[in-house]
Amino acid sequence: MIERPRGTRDFGPEQMEVRRKIENILRDKTKNFGYQEVLTPTFEHTELFLEKSGPSIEEEIYSFKDKGGRDIALRPEFTASVMRMYAESLKAESKPLKLFYFGPAFRYERPQSGRYREFWHFGTELIGADTARADAENIALAYRCLKETGLDDITMRISHLQILEDYLDDKGFSRDEREEIYHMIDKEETEKALDKFDLSEDFKELIESPFEDIPDLIGETSSYKYLKDVTDILSLYGVEKEDYEIDLKTVRGLDYYTGVVFEIEAERLGAEKQICGGGDYNLGDIFGTDISSKGFAIGFDRLVLALDKEEISFEKSRNGCYIVPIGEEVIPYAYDILNELREDDIKTDIDLKGRSIGKALGYADKGDFRYSILVGEDELEEGEVTLKDMTSGEQESIKREELLGAVGTDETES
RNA sequence: GCCGUGGUGGUGUAGUUUGGCAGCAUGUGGGACUGUGGAUCCCUUGGCUCGGGUUCAAAUCCCGACCACGGCCCCA
């Protein structure tokens, strides 16, 4: 028995039904915000990802040489690919250019709950609008997308990297030192950072103060004012102060993030609880074009897990018709009905095994069909069908011409 | 990569401590039932993750691998 490779999953019919529903919620919401879908290749030149994220990530990506000797890697995320696509073929589009994507990505990591070697990302890139309003739209969309799925127990943290950057720069810390400090405070090891870098209590006060108190500590810097603007605009999107927290300890792992950043966590997920991250970044260096972008990525699998933990279900509704022919002589009549309903976009299936009526109805029940349509000699002679409502169990004989009207009136979409 | 827990029909489980006929439920297929589903009953199907070791005998004990889970590291 050959099994699935480590860190991969199969998705059965029920899971796919749920996943598609959630995917469509995200997709619809994002289109509603004026974004257009794109898709990039599953694999790229390895260099693309190393340039973007640094050589250290090579350990964690699926990379190999193809038969032509090229260094190839399965995408570990989409941002680099989408920006490559932009630089290669979308540069001349009018701005802002609003793009979204959905698909699988791959990382060679130790699997655990919420972490797989093949996982799905849903994300956006908002290219060429360097304003607080663009940042606000980016954050608002991410938040709305998650809320739209019904997810409730989430926390969102927003920050502006430049605030701490300015502070530490003033104090004379080098770039490497600053990065080490960020890493420590991200891991909530602030005290350790204070000791190691001989930082004053002012720094601790700065990163732990409520947002409103920050001007008292460092003055109304331009970064502070920018972030304040973003929060004001967020409320125009209906994302209010109680929906998030301004937290200067929120730092993103990579140095191409430059301005406003944010993270959303689903508290009940455990160790791998971050379901969304994003912000403002500039990948111009790699592609030789100075373009600012804002985007986010939702960890789709974690979102599905979080919804499950909150017991938010996506019940499938009964729809469609199941035709039960009784006896060989009615088969042409039954297929005539089958074809008519299918052509009218009503999900319709027919018994293929010639089973007893009882078994056939049991199948229709388990298959969540809304109606069963029984046709036998009696119906054939009268030009009728017996229409059975699988929810109520009631049935009636109706003229064949009336069938379409009877089953097409309510939700029987396929 | 590190530490820990676990793995029994498709699914959920009993059995593991103290080695001795792998049991139950559910599901699948068929039947009771060729003009009526969700009920009931009968039959059938199907399993000890893999490999080695100890033993008269291993699901059970030992070692290793694989996989999953909890956490660390990392987290684009």
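Student: Which residue in E16 is the bridge partner of Lys388?
Tutor: The bridge partner of Lys388 in E16 is Gln395. Here helices (H or I, at least four residues) and strands (E, at least two) are DSSP runs, numbered from the N terminus.

Student: What kind of model is this, and how are residues numbered?
Tutor: It is a predicted model, in which local features need pLDDT of at least 70 and side-chain atom pairs count only at pLDDT 80 or more, while totals for chains, interfaces and linings use all residues. Residues are numbered from 1 along each chain as its sequence is written, with chains lettered from A and ligands numbered from 1 in the order in which they are written.

Student: Back to E15 and E16. In which sense do they pair, and over how many bridges?
Tutor: E15 and strand E16 (residues 395-399) pair in the antiparallel sense over 5 bridges; pairing requires that DSSP find at least two bridges between two strands. E15 and E16 form a hairpin with 5 residues between them, and Gly393 in the turn has a positive phi of about 85°.

Student: What joins E14 to E15?
Tutor: There are 4 bridges between E14 and strand E15 (residues 384-389), and these strands run antiparallel. Leu374 stands opposite Thr386 in E15.

Student: Where is the cis peptide bond?
Tutor: The cis bond joins Lys95 and Pro96, with omega about 0°. Pro96 sits in the loop between helix H3 (79-90) and strand E5 (97-106).

Student: New topic: how is chain A divided?
Tutor: Chain A is divided into domain 1 (13-309) and domain 2 (321-408); the bounds come from an automatic or database domain assignment. The C-alpha centres of the two domains lie 52 Å apart.

Student: What radius of gyration does chain A have?
Tutor: Chain A has 28 Å, whereas a compact globule of 414 residues would have a value near 22 Å. The radius is taken over C-alpha atoms, and the globule rule is 2.2 Å times the number of residues to the power 0.38. Along the principal axes, the C-alpha atoms fill a box of roughly 95 × 55 × 45 Å.

Student: Which residues have the most contacts inside the largest nonpolar core?
Tutor: They are Ile139, Ala142, Cys276, Ile298 and Leu303, in a core of 69 residues. Such a core is a set of buried Ala, Val, Leu, Ile, Met, Phe, Trp, Tyr and Cys residues joined through C-beta atoms within 7 Å. Helix H4 (residues 132-148) contributes the largest share, 9 residues. A second, separate core has 21 residues, including Ile323, Val324, Ala334 and Phe369.

Student: What is Cys276 in contact with?
Tutor: Leaving aside neighbours within four places in sequence, the contacts of Cys276 include Ala142, Leu146, Phe296 and Ile298. Contact means that the two C-beta atoms, placed from the backbone, lie within 7 Å.

Student: How many residues of H12 are buried?
Tutor: In helix H12 (residues 300-309), 8 of its 10 residues are buried, among them Phe300, Leu303 and Leu307. The buried residues of H12 are covered by elements including helix H1 (13-32) and strand E10 (274-282).

Student: Finally, where is confidence lowest and where highest in chain A?
Tutor: Confidence is lowest in helix H11 (residues 284-287), at a mean of 77, and highest in strand E1 (residues 36-37), at 98. The mean pLDDT of chain A is 91, and 98% of its residues reach 70 or more; pLDDT is the predictor's confidence in each residue, from 0 to 100.

Note on methods
A residue is buried if 20 or more other C-beta atoms lie within 10 Å of its own, exposed if 12 or fewer, and partly exposed in between; C-beta atoms are placed from the backbone.
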